[in-house]
Amino acid sequence: MTRVLYVGGTGEISHACVERSLAAGHDVAVLNRGNRSELLPDGVESIVGDLRSDEPYAALGGRTFDVVCQFMAFDGADAVRDIEAFSGRCGQFVFVSSAAVYRRPIADERVTESTPVGNSFSAYGLAKLACERTLLDAQQAGAFPVTIVRPSHTYRTRLPSAVLQSEHQTWRMLAGKPILVHDDGDSMWTLTHAADFASAFVGLFESGATVGSTFNITSETALSWNTILRQVGGALDLEVELVHVPTDTLVEYEPQWSAPLRGDKADSMAFDMSHVRSVVDGWRCEVTLAEGLRRTAEFGRARLASGYQPDSAVDRLVDRIISEHASVV
């Protein structure tokens with residue numbers, strides 16, 4: 001039985017991977033702060049450890065694992081920590097990076113693992129890239145068995161959103177308020193349900209032939225933001241009013257929107273999955289967008305029903321932008 005440790009394990013992507021791994025018959029352990037242990041499936045071992053502490057892996061003792069899946073490393077220092085902690089203690093270390101590492105604007109019609117990296121608009125993307133490089137340097141020196149995985153926009157409990165965070169956009173939709181969309185809404189975007197990501201993710205380390213390699217894991221279907229947001233509305237059983245505002249104008253109103261827009265959503269992103277399919281034979285996405293959004297909408301409604309309220313200052317800003325730019329198309 002394969003012994004797998006998930007660092008994280010209850011997040012938007014990692015929870016589905018834990019479920020898939022368990023279904024594959026793995027001996028699964030999850031290390032995190034234990035705040036959401038009730039979300040773990042039966043049969044998963046919960047190990048409590050705080051990655052912000054001086055000894056984040058102390059609870060592991062001297063245990064070894066066939067595979068360690070790292071969802072919670074975000075800069076080069078985290079990568080150094082993991083190399084020191086797991087060298088000689090795992091057969092494969094799978095680092096979950098991000099498609100945010102790819103340089104913007106995207107020049108390729110479809111993104112592959114060889115698309116140029118170095119996203120100057122995204123501090124998050126640059127930090128993930130620093131992790132990748134530190135880990136791969138150690139692997140190339142023969143000191144660490146790493147595999148890099150790059151998801152793009154993967155969803156499970158949070159409905160896809162354009163300018164605002166998911167809950168805030170969902171709140172506005174249910175309140176019948178207009179929704180901001182960057183530019184003309186025609187940039188193409190790729191959404192992947194976490195269950196589809198998980199089937200490829202677990203297949204990669206089961207193959208035993210991926211150490212030293214990098215893999216994107218996404219759907220190959222790209223849709224415009226206009227289409228996506230209308231389908232999100234459909235999953236909530238309502239029609240949405242979209243107001244289009246240029247990205248540069250949005251960033252003038254709120255500079256914090258620069259990274260998620262200029263560094264991500266304002267650029268068209270479509271992917272070629274040939275590389276992952278060369279290793280995980282027969283893999284393809286099976287959850288349709290309509291079905292995925294329907295499942296996710298249930299989580300969204302539940303969050304709002306639990307008493308969610310948006311940041312009132314941000315909501316007033318959105319109303320102001322819409323009132324001043326409602327004619328922009």
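Predicted model: local features only at pLDDT ≥ 70, side-chain atom pairs only at ≥ 80, totals over all residues.

**Cysteines**

I looked for disulfides (a pair of cysteine sulfur atoms within 2.5 Å) and the count came to zero. For Cys69, the closest cysteine sulfur is that of Cys17, 7.4 Å away, which is too far for a bond. Cys90 is in no disulfide either; its nearest cysteine sulfur, in Cys69, is 9.6 Å off. I checked burial next (buried is under 20% relative accessible area, with a 1.4 Å probe and protein chains only). Cys69 is buried at 0%, and Cys90 is buried at 11%.

Residues are numbered from 1 along each chain as its sequence is written, and side-chain values use heavy atoms, without hydrogens and water.

**Helix H1**

Helices here are DSSP runs (H or I, at least four residues) and strands are runs of E (at least two), numbered from the N terminus. In H1 (residues 14-23) I found Ser14, His15, Ala16, Cys17, Val18 and Ser21 buried. Their cover includes strand E1 (3-7), strand E2 (27-32) and helix H5 (194-207), with contact meaning heavy atoms within 4.5 Å. After H1 comes Gly25, with a positive phi near 90°.

**H4 against H10**

I then took H4 (residues 166-174) and H10 (residues 289-305). Their axes (lines fitted to C-alpha atoms over the stretch in contact, angles from 0 to 180 degrees between N-to-C directions) come within 10 Å and cross at roughly 85°. That makes H4 roughly perpendicular to H10 (65 to 115 degrees). On the H4 side I have Glu167, Thr170, Trp171 and Leu174, meeting Arg301, Arg303 and Leu304 of H10.

Methods: Buried < 20%, exposed > 50% of the residue type's maximum accessible area, 1.4 Å probe, protein only. Parallel < 35°, antiparallel > 145°, perpendicular 65-115°, else oblique.
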